[in-house]
Amino acid sequence: MAATESAVKPKPRPIIRIGLFLISHCLFVSVVCCTAGILALLLLPALAKNTYFSENALMPGSGSPMLSNGDASDGLIFLNRILNLDPKSTKTGSEIPEMIAEHIMELGGEVNYHKFQPSSDNFHPLHFFLGPDAGTVQENYSCTSYGINTVGIIRAPHGDGKEAIVMVTPYNSVKASVSEALSLGVAYTVFSLLSRVTWLAKDIIWLAADSRHGEYEAVAAWLRDYNTLSVGDLKKNLEMCGASTSPVHGLTGIKGDLVDNGFRRAGTMAAALVIKVADSSVDLEKDVLNIYAEASNGQMPNLDLINIVNYLAVHGQGLQVRVEKIWSLLDSWWLHSLGELLEFLGKVAKSLNPEWKFGVPVSDYVEGCATLASSLYNQALGVPTGPHGAFRDYQVDAITMEISPKFASSQRVLFLLRVGRLVEGVIRSVNNLLEKFHQSFFLYLMTSPSRFVSVGVYMIAFALLIAPLPLVAAALFSDASKSNSGKNEIQLKPSDPSESVPTLAAWKWLYAAKTVLFVYLWGAIVTLIPYFLNQIPNSSPSINLVLWITFSILSLFFTYAASGSSPFSSTRTEWTLLKSVTVAAAFIGLCLMSVINFATAEIGALLLIPLCLTVVPLRLDFRSNTRKAIVRGACNLLVVILSFPPTAFLLVKGALTGFDNIRFDEFWDWAESLWAWNSATYIYICMVHLPCWVLCIHTLLYRC
């Protein structure tokens, strides 16, 4: 009876049986999932939804614009005063800030100057793990190298001073262009109106940012001091170059006691608008509004803010709204072919059931793909597309509105009126909010100014792409365990010569894990090498890139020597176990990166997963000496070459901009921009992608 009971084994749970079934058919599942993931990515423009307002309190366009022709005329007078300044008198960079301060005080606003030094953009490894106030001021500076931001504040008559809306107008205080003067004119026109209205519930801040050291730097410096400035920092700012915070006293009729020498603050920022004007063009059919929303490490503002601007620009002022796109994809033949196929399938589906609205026109699909690719690339790059990115570091929703006008110089009043009413409408909608933006999406991809793909849709493609990785890792581990099933006992120095210590062969994966761990530690070393190369004076990008590669290779040899393993030597680590741990580590790295920056994880998955799934030792293919094995070996070599980060970067850049002007040292410039902006993509490339690539080469060169 006991023998019968012991012979009957309980059935495993259904979830376990499903897992075992998927592992046993991992090749088929991998092909299906990867194909479905790529198709899901290509279908995203067709699955995009129309934008809508999630917050009912916004009520865009509910009130009639109050900005009049008189306000626009006053803005034109202010604009002409800036343009008529003597270029010799503006070399000190104080004339335009003083003029702005004078006009703000005439409107009854509060004024203060903010003096700042440009921060150093040298690579420092700790900047990736510190907050937005981690910037260091350059040590070598002169008294003429600082910038002067002019800040004007209107206190809300019906507010408690706890919230504020920010308008930002970057300009060069030494030599302001016509476009920069126009943006200042727009801000002054709106500011003059808001100084008289009675419906304001939030304070208004006008930041005239001195962009001689960069637009982003001017805004970021003011935000750092706005959020973290202490009494000691204020004294240091006052003593900078032995001057007060006002630019230069005695040059104008402004009395120094009317301008606050301290740092004025309003309430917590509810939203921010960066207003820029591009050069006018006769090629445009009408005025164009370009919206830039991407901030650092793929952060995006609340979608409702973009919806407000788009709705008021199109329906209120008749502007053409654009978001950034990759223009070279608009002429792609394969995208047009895929769009025609989707349009045909949509017509067939609609004939079967009129409620099935799947297909999209070919032109909309191609343009959606170009916009989606640009949105995905900009988020993956991790570099802000404008000075609005500085606000997202402090969890403030902000966008950059760049207006490309089509008008003659005699139509400036009309331009100030239209753009001013647009800004007025946006501020009025944000003013209606009782709390910060929170109803709509923060994680999304744009396919047009009025269509988006939410996180619940685009995560499906990523999930399908990475789904085969744990299955392949488990299948490889299972195969390695079965191959060693006959060697389940290993002599490990028994205490008694007549006894043996049984050890499971499955524990041999620890040797593979040790190799993987050392290679990933090598990735951390590669991450830090540019910090030391950056200390070399007068070094060109090409030399830095060659030194980076050279030191990385040398440190890799030392790392393998320390770990006691090498692809060229016979070790106890079997290639199946090594590949199993490598695939598992790649899966963990991609999942972690998807939390930090999904776009980087998506693009990284497209490069890493084919490499992880297909690589096998070349000796096995050469030993088989069949056409199939030779083709597989050649494909493995091709995938390894294409997934190498510099190669992938140069190929993508060449495909988008042409291969005529591609240089080898451009990868260093690109990597330098990533660490200068503290992009997490740099960390991913050096500490996830590159170690996985090296381990796949280790597997490829394994001595079987």
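Buried means under 20% relative accessible area. Asp71, at 3%, is therefore buried. The model is predicted. It holds 14 salt bridges, and its largest nonpolar core has 74 residues.

**Salt bridges**
- Asp71 pairs with Arg196, with the closest N and O atoms 3.0 Å apart. This bridge links distant parts of the chain, 125 residues apart. Asp71 sits in helix α5 (residues 69-83), and Arg196 in the loop between α7 (178-194) and β5 (203-210).
- Arg155 and Asp203 meet in a salt bridge at 3.5 Å, N to O. Arg155 lies in the loop between β3 (147-154) and β4 (163-171), Asp203 in strand β5, 48 residues apart.
- Asp203 is buried, at 2% relative accessibility, whereas Arg155 is partly exposed, at 35%.
- A network of salt bridges links Glu110, Arg155, Asp203 and Arg264.
- Arg224 and Glu217 form a salt bridge at 3.3 Å, N to O. Both residues are buried.

**Nonpolar cores**
- In the largest core, Trp548, Leu590 and Ile609 touch the most other members. Helix α25 (residues 680-700) supplies the largest share of this core, 14 residues.
- Beyond its neighbours within four places in sequence, Ile609 contacts Cys34, Leu465, Ile466, Leu469 and Leu590.

**Around Ala48**
- Ala48 is in the loop between α4 (44-47) and β1 (49-50). Its relative accessible area is 6%, so Ala48 is buried.
- Not counting residues up to four places away in sequence, Ala48 touches Thr447, Arg451, Phe452 and Val453.
- Ala48 and Ser450 are 402 residues apart in sequence and 9.7 Å apart in space, C-alpha to C-alpha.

Notes: Residues are numbered from 1 along each chain as its sequence is written. This is a predicted model: local features need pLDDT of at least 70, side-chain atom pairs count only at pLDDT 80 or more; totals for chains, interfaces and linings use all residues. Side-chain values use heavy atoms; hydrogens and water are left out. A nonpolar core is a set of buried Ala, Val, Leu, Ile, Met, Phe, Trp, Tyr and Cys residues joined through side-chain atoms within 4.5 Å. Buried means under 20% relative accessible area, exposed over 50%, partly exposed in between (1.4 Å probe, protein chains only). Helices (H or I, at least four residues) and strands (E, at least two) are DSSP runs, numbered from the N terminus. Contact means heavy atoms within 4.5 Å. A salt bridge is a side-chain nitrogen of Lys or Arg within 4 Å of a carboxyl oxygen of Asp or Glu.
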